[in-house]
Amino acid sequence: MSESSAQPDGQQAGRWITVTLLADSANAEALSDALLEAGALSVDIEDADAGTPDEKPQFGEPGMPVAVELWPHSRIHALFDRDADYATAMAEAAEQAGLTAPPPYTTSPLDEQNWVRITQAQFEPIPVSKRLWIVPSWHDQPDPAAINITLDPGMAFGTGSHPTTRLCLEWLDSVIRGGETVIDYGCGSGILALAAAKLGAARVTGTDIDPHAMDAARYNAERNGATLELLHSRDNIDHTADVVVANILANPLTVLAPLLCGLTRSGGRIALSGILAAQTDMVRAAYRPAFELEVAGEREGWVLLTGTRV
């Protein structure tokens, strides 16, 4: 039974009512579909064990097996209009999902809020180093004298907050001295390419498989007054670089090893990220004998591998 006894007569405040319940992997999807058919405005499912040792990844990286079942313990949130008869909807959904009775659930009111401001509050300026900051457009620059990259969260990966991006940014900050050629393979939002350009690289090329990422990188380059050469990954890059950086995932990095080795000039440097600590040996093996990669940094279980082209 519901822990809240409020009924759809407007006794609870709020414009909407959120109904929350737990389900196992066998019933979660059927219950969610049935709740939508019964009148829920929206439904989402999350891992009830998230943040615990029992948390289960739902998506594998390219080349790895993909999970075929939802989490063993799922938490379902169904959103109803305040005046909706959610108790009846729960009974109908349970019957349609083949359950003998509605599972226990709780309810809570949800008011209209400034969702934009709430979202923006999750992103603060990021100090990469004393001279390099990543700053959302709605924030003042904490240090106007520093190199400030204006970047907002969007459709492309790369806001600077993820550990793998931070590792790459810190590495670029330590190796770019000015005048280098740089290739950012899998550029996403363009954050690494932008950092290289703003730190003084003479020529920076970014490439990605996702057209939306290319659009985001192009927009961010214009916003930051940076010059980037942006290419789709199906296009050939016609030059080698002093510095190659790729923040993707371990399996794509392994597949791309011959290409990335070939894009790095003799004596040039490479940085690879998106690699879990347990995947280090696999990636290192793929880049031999061109590189003898070393772990240059580690953050929250992710490692940065770097090396110099033989």
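**Helix packing and an aromatic pair in a predicted model**

Helix α4 (residues 163-175) packs against helix α5 (residues 191-199) at an angle of about 15°, and their axes are 10 Å apart. An angle under 35 degrees counts as roughly parallel, so α4 is roughly parallel to α5. The model is predicted. Its secondary structure comes to nine helices and 14 strands, and buried residues make up 46% of the 310 residues.

**Contact of α4 with α5**

- The crossing in which α4 passes α5 is right-handed.
- On the α4 side, the residues that meet α5 are T165, C168, L169, L172 and D173.
- On the α5 side, the residues that meet α4 are I191, L192, A195 and L199.
- By class, this contact has seven nonpolar residues, one polar residue and one charged residue.

**Contact of α1 with α2**

- Helix α1 (residues 28-37) and helix α2 (residues 86-96) pack with their axes 8 Å apart, at an angle of about 135°.
- From α1, the residues L31, A34, L35 and E37 take part in the contact, and from α2 the partners are A89, M90, A93, A94 and Q96.
- The residues of the contact of α1 with α2 divide into seven nonpolar, one polar and one charged.

**Aromatic pair**

- A search of the whole structure finds one aromatic pair, formed by F80 and Y86.
- The ring centres of F80 and Y86 are 6.4 Å apart, and the angle between the planes is 50°.
- The F80 and Y86 pair is classed as tilted, because planes under 30 degrees apart would count as stacked and planes over 60 as edge-to-face.
- F80 has a relative accessibility of 1% and so counts as buried.
- Y86 is also buried, with a relative accessible area of 1%; the cut-off for buried is under 20%.

**Whole protein**

- Taken along the principal axes, the C-alpha atoms fill a box of roughly 70 × 45 × 35 Å.
- Among contacts with a separation of 6 or more, residues 24 or more positions apart account for 66%.

How values were computed: Residues numbered from 1 in each chain as written. Predicted model: local features only at pLDDT ≥ 70, side-chain atom pairs only at ≥ 80, totals over all residues. Heavy atoms only, no water. Axes fitted to C-alpha atoms, helices over the stretch in contact; angles between N-to-C directions. Helix = DSSP H or I, 4+ residues; strand = E, 2+ residues; numbered from the N terminus. Contact = heavy atoms within 4.5 Å. Nonpolar A, V, L, I, M, F, W, Y, C, P; charged D, E, K, R; others polar. Phe/Tyr/Trp six-rings, centres within 6.5 Å; stacked < 30°, edge-to-face > 60°. Buried < 20%, exposed > 50% of the residue type's maximum accessible area, 1.4 Å probe, protein only. Parallel < 35°, antiparallel > 145°, perpendicular 65-115°, else oblique. Left-handed = near helix turned anticlockwise from the far one by under 90°.
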